[in-house]
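Here is a short tour of a few local spots in one protein model. Have the viewer open and follow along.

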Amino acid sequence: MEAGPRRQATIRDVARHAGVSVATVSRVLNDIPVVRSEMRERVRDAIAELGYRPSSTARSLSLGRSQAIGVVAPFFTTPSVVERLRGVSQRAGHHGYGLMLFDVETPEQRAGAFRDFARLDRVDGLLVISLPLLDDEVDALERDGLPVVMIDIGHPRVPHVVIDDVRGGELAVEHLIARGHRRIGFVGDRPDNPFGFTSSEHRRRGFRRALRRAGLRPAPGLEVRGRHGHAEARALALDVLRRDDRPTAIFAASDTQAVGVLEAARALDLRVPQDVAVIGFDDIEAAELLGLTTVRQPLRESGARGADLLLAAIAGAAPPAEELDALTVVERRTT
């Protein structure tokens, strides 16, 4: 009597054969770097001996997972958010995870994201980009057992990937001071924005700190803030650049706002950088095209690193908070 077809090995068979947990096998399959090399080799040997062939569907069923990551971010079309999402998508896709995206453009959408979307069983973990989490929201996520990682902003109880925005503001102003500027303006976001964004104010704090360290007094009339966007920045910069005591240089809290400053200078027939120098922040793709000097932050890398931390948390590891200290000034023709 002929034997029937051999049953295909499952992830649980691999775990038993290697003497490890199913979660450990999953970490090895997903190349998550939290497994000791000796244990990783045991799992790989078991996979080879049993002829195990993982599939995303089988892995999802055996682990009770969706193989999807939720991403909550403001204004998906914002260039800096696009770059971070590229990093998240590339890293998650490499490990077999899809993305479920939630775009936040109103305070109501923001509330709904953490009331409804974040608790759906359709995602294995949650990435939050640029939006601060309230304590009660963190409490709810912990009760739901949903792993969460934040990017571009932190919370003391949540793993996060951030930069030093204050230091970034200092770098921008130090660059301008080194080129002889003493009257330096600032264009940024209103501190009372409805989403709780803080990066612009932190960069402004660094702006002021660098001025004081150089023995220069900040001129409040040269610091203007409004809604985020290049059109608003253009209007703000027009007012500043029409002053009799206009600045010789302007630090914009983002490249998007720096574009507005450049448009204002062009409208007033001011030469850049001879009449007014401009430096931005982020180093989005448009910055290189425009020849914009800027403070580069690792946008795509921060998205990828946030995805790494979340995948590790999904696999059962306890990722630490992390700060990316990789800010550099990229000098181009606007300074």
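You will find Gly221 in the loop between α9 (199-213) and β7 (223-226). Helices here are DSSP runs of H or I with at least four residues, strands are E runs of at least two, and both are numbered from the N terminus.

Setting aside neighbours within four places in sequence, Gly221 is in contact (heavy atoms within 4.5 Å) with Val240 and Arg243. Its C-alpha atom is separated by 8.4 Å from that of Gly185, 36 residues apart along the chain.

## How the model is read

This is a predicted model, where local features need pLDDT of at least 70 and side-chain atom pairs count only at 80 or more, while totals for chains, interfaces and linings use all residues. Residues are numbered from 1 along each chain as its sequence is written, and side-chain values use heavy atoms, leaving out hydrogens and water.

Now turn to strand β6 (residues 184-189), which holds Asp189. Asp189 is buried but has no salt bridge, meaning a side-chain nitrogen of Lys or Arg within 4 Å of a carboxyl oxygen of Asp or Glu. Arg203, the nearest side chain of opposite charge, is 6.9 Å away; Lys and Arg count as positive, Asp and Glu as negative, and His and the chain ends are not counted.

Beyond residues up to four places away in sequence, Asp189 touches Ser200, Glu201, Arg225, Gly226, His228 and Gln257.

Key. Buried means under 20% relative accessible area, exposed over 50%, partly exposed in between (1.4 Å probe, protein chains only).
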